[in-house]
Amino acid sequence: ELAEPEFYPRLLQTSAVLCDGLRQAAAEAHVPIALQGVGPIFQVHFAEQPLWEYRDLVQHARQDRYTVFWKSMFERGILFNPHYQECWFVSGAHGEAEVKETLAAARDAFSAVRQSCR
């Protein structure tokens, strides 16, 4: 599968759609995030400013909000690393259906984060 000419363009497109959707869902819930990475490897941090280096991450990323988000996503069947400093990975097994399911769960999870901020 990796040798197929469309594999990597499809992987990058899937990743872009997921990342854009996560940013949009967070913005709609009024939850500030810093989503950064390259292609199918990225991180989602709950921070009100860009995180340029590890010191920024340690000082400004909200682990408590990430935990609320992770638990909410897990309850909806979406699994990724529970530690706020770890990456998310998109693979060739992920397609349009998985992205839609993930983004639907994320909308609810970002709302849960928003509720926890009050």
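The model is predicted. Its largest nonpolar core has 35 residues. Five salt bridges are present in the structure. Helix 1, which spans residues 7–28, is among the elements that each supply at least two residues of that core.

**Nonpolar core**

- Seven of the 35 residues in the largest nonpolar core touch the most other members: L22, F42, F46, F69, M73, W88 and F110.
- Helix 1 (7–28), strand 1 (34–38), strand 2 (41–45), helix 3 and helix 4 (96–116) each supply at least two residues of this core.
- L22 is in contact with I33, L35, F42, V44, W88, L103, A106 and F110, leaving aside neighbours within four places in sequence.

**Helix 1**

- Helix 1 has 22 residues. From first C-alpha to last, helix 1 reaches 32 Å, close to the 32 Å expected at 1.5 Å a residue.
- The buried residues of helix 1 are F7, L11, T14, S15, L18, C19, G21, L22, A25 and A26. Seen down the helix axis, these buried residues fall within an arc of 160 degrees, so they line one face of helix 1.
- Against what do the buried residues of helix 1 pack? Their partners are strand 1, strand 2, strand 3 (88–89) and helix 4.

- H30 sits in the loop between helix 1 and strand 1. This residue comes just after helix 1 and takes a positive phi of about 60 degrees.
- Most residues other than glycine have a negative phi. H30 is a residue other than glycine, yet its phi is positive.

**Salt bridges**

- R23 and D20 meet through their side chains in a salt bridge, at 3.4 Å from N to O. Both residues lie in helix 1, three residues apart, about one turn of the helix.
- An α-helix has 3.6 residues a turn, so residues three or four places apart point the same way.
- R23 is partly exposed, with a relative accessible area of 38%. D20 is also partly exposed, at 46% relative accessibility.
- R62 forms a salt bridge with D64, and the closest N and O atoms are 2.7 Å apart. R62 counts as partly exposed at 33% relative accessibility. D64 counts as partly exposed at 42%.
- R76 and D108 form a salt bridge between their side chains, at 3.3 Å from N to O. R76 lies in the loop between helix 3 and strand 3 and D108 in helix 4, so the pair ties together parts that are 32 residues apart in sequence.
- R76 is partly exposed at 34% relative accessibility. D108 is partly exposed at 40%.

- Y66 lies in helix 3, which runs over residues 63–75. Is Y66 buried or exposed? Y66 is buried, with a relative accessible area of 2%.
- Not counting residues up to four places away in sequence, Y66 touches V44, F46, F80, N81, P82, H83, Y84 and W88.
- Which backbone oxygen does the side chain of Y66 reach? It is the backbone oxygen of N81, at 3.0 Å.
- Y66 and A47 are 19 residues apart in sequence, and their C-alpha atoms are 9.9 Å apart in space.
- S72 is also found in helix 3. S72 counts as buried, because its relative accessible area is 4% and the buried class covers values under 20%.
- Beyond residues up to four places away in sequence, S72 touches D108, A109 and A112. D108 is the salt-bridge partner of R76.

**Helix 4: E96**

- E96 is found in helix 4. At 60% relative accessibility, E96 counts as exposed.
- The C-alpha atoms of E96 and T14 are separated by 7.2 Å, although these residues are 82 places apart along the chain. T14 is one of the buried residues of helix 1.

Technical notes: Residues are numbered from 1 along each chain as its sequence is written. This is a predicted model: local features need pLDDT of at least 70, side-chain atom pairs count only at pLDDT 80 or more; totals for chains, interfaces and linings use all residues. Side-chain values use heavy atoms; hydrogens and water are left out. Helices (H or I, at least four residues) and strands (E, at least two) are DSSP runs, numbered from the N terminus. Buried means under 20% relative accessible area, exposed over 50%, partly exposed in between (1.4 Å probe, protein chains only). Contact means heavy atoms within 4.5 Å. A polar contact is a pair of N or O atoms within 3.5 Å; within protein, one must be able to donate a hydrogen and the other to accept it, and residues adjacent in sequence count only if both atoms are side-chain atoms. A nonpolar core is a set of buried Ala, Val, Leu, Ile, Met, Phe, Trp, Tyr and Cys residues joined through side-chain atoms within 4.5 Å. The expected span of a helix is 1.5 Å times one less than its number of residues. The arc is that of the directions from the helix axis to the C-beta atoms. A salt bridge is a side-chain nitrogen of Lys or Arg within 4 Å of a carboxyl oxygen of Asp or Glu.
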